[in-house]
Amino acid sequence: MFSRRTWLKSLLAGIGFYFLGGFPKTLTAQERIDADSLKKKLAVKTKKEEAFIDRVDALRKSGALSEQQITAAYRYALKRRSERFLYFATAIRQLAKRSKVDL
């Protein structure tokens, strides 16, 4: 049986995990990941950044990068207040490297 202290620790850990975004969330129809929404939400400024987003979208369509990988990098970047594109690019490069995809 759990002691009161052990039970309270596990309860608080679970609540903290939930509020830190630990449980997976499904995408809503408004949050669909495509090149246009990525460019808008990540505040793409240059043609080079646009080309990078187009390349990532092409890799998603070809199946080299999964929707889950792009969604994870996207959500990671949205948690940042500024320079969201840089955070997205860094995260997606790391995920692509793990999948052995050349970006």
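Trainee: Is Lys 100 buried or exposed, and what is its relative accessible area?
Mentor: In this predicted model, Lys 100 lies in the segment after α5. A residue counts as exposed when its relative accessible area is over 50%. Lys 100 is therefore exposed, with a relative accessible area of 77%.

Trainee: Which loop holds Ala 43, and about what phi does Ala 43 have?
Mentor: Ala 43 sits in the loop between α2 (35-41) and α3. With a relative accessible area of 44%, Ala 43 is partly exposed. Its phi is positive although Ala 43 is not a glycine, at about 55°.

Trainee: Which elements make up the protein, and in what order do they run?
Mentor: From the N terminus on, the order is α-α-α-α-α.

Trainee: Where in the protein is confidence lowest, and where is it highest?
Mentor: The mean pLDDT of the protein is 82, and 73% of its residues reach 70 or more. Where pLDDT is low, the predicted coordinates should not be read in detail. The lowest confidence is in helix α1 (residues 4-19), at a mean of 63, and the highest, at 95, is in α3.

Trainee: At roughly what angle do the axes of α3 and α5 cross?
Mentor: Two packed helices are described by the angle between their axes and the distance between the axes. Helix α3 (residues 47-62) and helix α5 (residues 84-98) have axes that come within 12 Å. The crossing is left-handed, and its angle is roughly 40°.

Trainee: How many aromatic pairs are counted, and what is the centre to centre distance for Phe 52 and Phe 85?
Mentor: The count comes to 2 aromatic pairs. In the pair of Phe 52 and Phe 85, the planes are 85° apart, which is edge-to-face, and the distance centre to centre is 5.8 Å.

Trainee: How many residues apart are Phe 52 and Phe 85, and is Phe 85 buried or exposed?
Mentor: Phe 52 in helix α3 and Phe 85 in helix α5 link distant parts of the chain, being 33 residues apart. Buried means under 20% relative accessible area. Phe 52, at 12%, is therefore buried, and Phe 85, at 9%, is likewise buried.

Trainee: What angle lies between the planes of Tyr 76 and Tyr 87?
Mentor: Tyr 76 and Tyr 87 form an edge-to-face aromatic pair, 6.1 Å centre to centre, and the angle between the planes is 75°. Tyr 76 lies in helix α4 (residues 67-78) and Tyr 87 in helix α5, so the pair ties together parts that are 11 residues apart in sequence. Tyr 76 is partly exposed at 35%, as is Tyr 87 at 34%. The angle asked for is thus 75°.

Conventions: Residues are numbered from 1 along each chain as its sequence is written. This is a predicted model: local features need pLDDT of at least 70, side-chain atom pairs count only at pLDDT 80 or more; totals for chains, interfaces and linings use all residues. Side-chain values use heavy atoms; hydrogens and water are left out. Axes are lines fitted to C-alpha atoms, for helices over the stretch in contact, and angles run from 0 to 180 degrees between N-to-C directions. Helices (H or I, at least four residues) and strands (E, at least two) are DSSP runs, numbered from the N terminus. A crossing is left-handed if the near helix is turned anticlockwise from the far one by less than a right angle, and right-handed if clockwise. pLDDT is the predictor's confidence in each residue, from 0 to 100. Rings of Phe, Tyr and Trp (its six-membered ring) pair if their centres lie within 6.5 Å; planes under 30 degrees apart count as stacked, over 60 as edge-to-face and the rest as tilted. Buried means under 20% relative accessible area, exposed over 50%, partly exposed in between (1.4 Å probe, protein chains only).
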